[in-house]
Amino acid sequence: MEAEFSQSLPDVQSTGDERQIAIDRVGVRGIELPVLVAGRDGPQHTIASVTMTVALPADKKGTHMSRFVALMEDHREPLDADSVRSIYSDMLERLQAVEGTIEIRFPFFVRKAAPVSKLESILNYRCAFIVTTEAGGTVVRQEAQAPVTSLCPCSKEISRYGAHNQRSLLKSTVILAAPMSFEEQIAVAEASASCQLWSRLKRSDEKFVTEYAYDHPKFVEDIVRDMAKALNADERVLAYRVEAENFESIHNHSAYAYLMRDKRRP
């Protein structure tokens, strides 16, 4: 009875549009829902913010918004590059579209042991999957943002008493030929900084962090180059964009750098 009633209702979205203007992307933004994300030690629970859109042809009046929501309800498997590719393919089929975009953004959590005391605590990172159609094929980008410490080489060189440092945000966005865990991707950023961060430190740890950063001064230029060097050496990485932003402690502005490479091109 319900199916018969639904079939009797008009489907306005599927009607034609006399203006004949195609829409680049139409869909839903800001869907928040619990998800599972694949991690090195198994899937972890988190909360994702999801954007899903498709291209709308000029002869179609609208798209079916409820199908986007149903799509995420039907896909409960842990998110990784393969599963989000499958979700994207399903979206295009359900919406009868030839291209679109999916962005799934979420906090990702890593349990870390402090460098000296070995006290464990959890640190959060911002991660994402971005899927789109490019050159007729599906492209999955995996993104990770890592908060770190950077210490200024110039300040260290010219100052008699220490050097200024600041918290920085490093972001890498990669296209992969084979799986890379978020933990591995985050580790590339942390290894490229003056020092990584921990949520819980004792005094012995604070001494270590302060001295380690002092011994590893980095400009934003150094950071993106070191991230690029590591990704260049990783055969799983086909293309990448790396970014570094230092939230300066002695200036009212940030220092910023980014670097892009596509290893598939000579």
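**The whole chain**

Begin with the entire protein chain of this predicted model. Coloured by secondary structure, the chain shows seven helices and nine strands. Orient the view along the principal axes: the C-alpha trace spans about 80 × 40 × 40 Å. Of the 266 residues, 44% are buried. With contacts displayed, consider those between residues at least 6 apart in sequence; 62% of these join residues at least 24 apart.

**Helix 5**

Select residues 182–191, which form helix 5. Which residues of helix 5 are buried? They are Phe182, Glu183, Gln185, Ile186, Val188, Ala189 and Glu190. Because seven of its ten residues are buried, helix 5 is largely enclosed by the rest of the structure.

Centre on Val116, which belongs to the loop between strand 3 (100–113) and strand 4 (120–134). Val116 has a relative accessible area of 40% and is therefore classed as partly exposed.

**Lys118**

Remain in the loop between strand 3 and strand 4, where Lys118 is also placed. Is Lys118 buried or exposed? Its relative accessible area of 53% makes Lys118 exposed, since the threshold for that class is over 50%. Now inspect the backbone: phi of Lys118 is near 65°, a positive value in a residue other than glycine. Most residues other than glycine have a negative phi.

**Gln96**

Finally, move to the loop between helix 3 (81–94) and strand 3, and select Gln96. What is the phi of Gln96? It is positive, at about 50°, although Gln96 is not a glycine. The side chain can be examined with the surface shown, as Gln96 counts as exposed at 65% relative accessibility.

To revisit the backbone features, display Gln96 with its positive phi of about 50° alongside Lys118 with its positive phi near 65°. Gln96 lies in the loop that leads from helix 3 to strand 3, whereas Lys118 lies in the loop between strand 3 and strand 4.

Note on methods. Residues are numbered from 1 along each chain as its sequence is written. This is a predicted model: local features need pLDDT of at least 70, side-chain atom pairs count only at pLDDT 80 or more; totals for chains, interfaces and linings use all residues. Side-chain values use heavy atoms; hydrogens and water are left out. Helices (H or I, at least four residues) and strands (E, at least two) are DSSP runs, numbered from the N terminus. Buried means under 20% relative accessible area, exposed over 50%, partly exposed in between (1.4 Å probe, protein chains only). Contact means heavy atoms within 4.5 Å.
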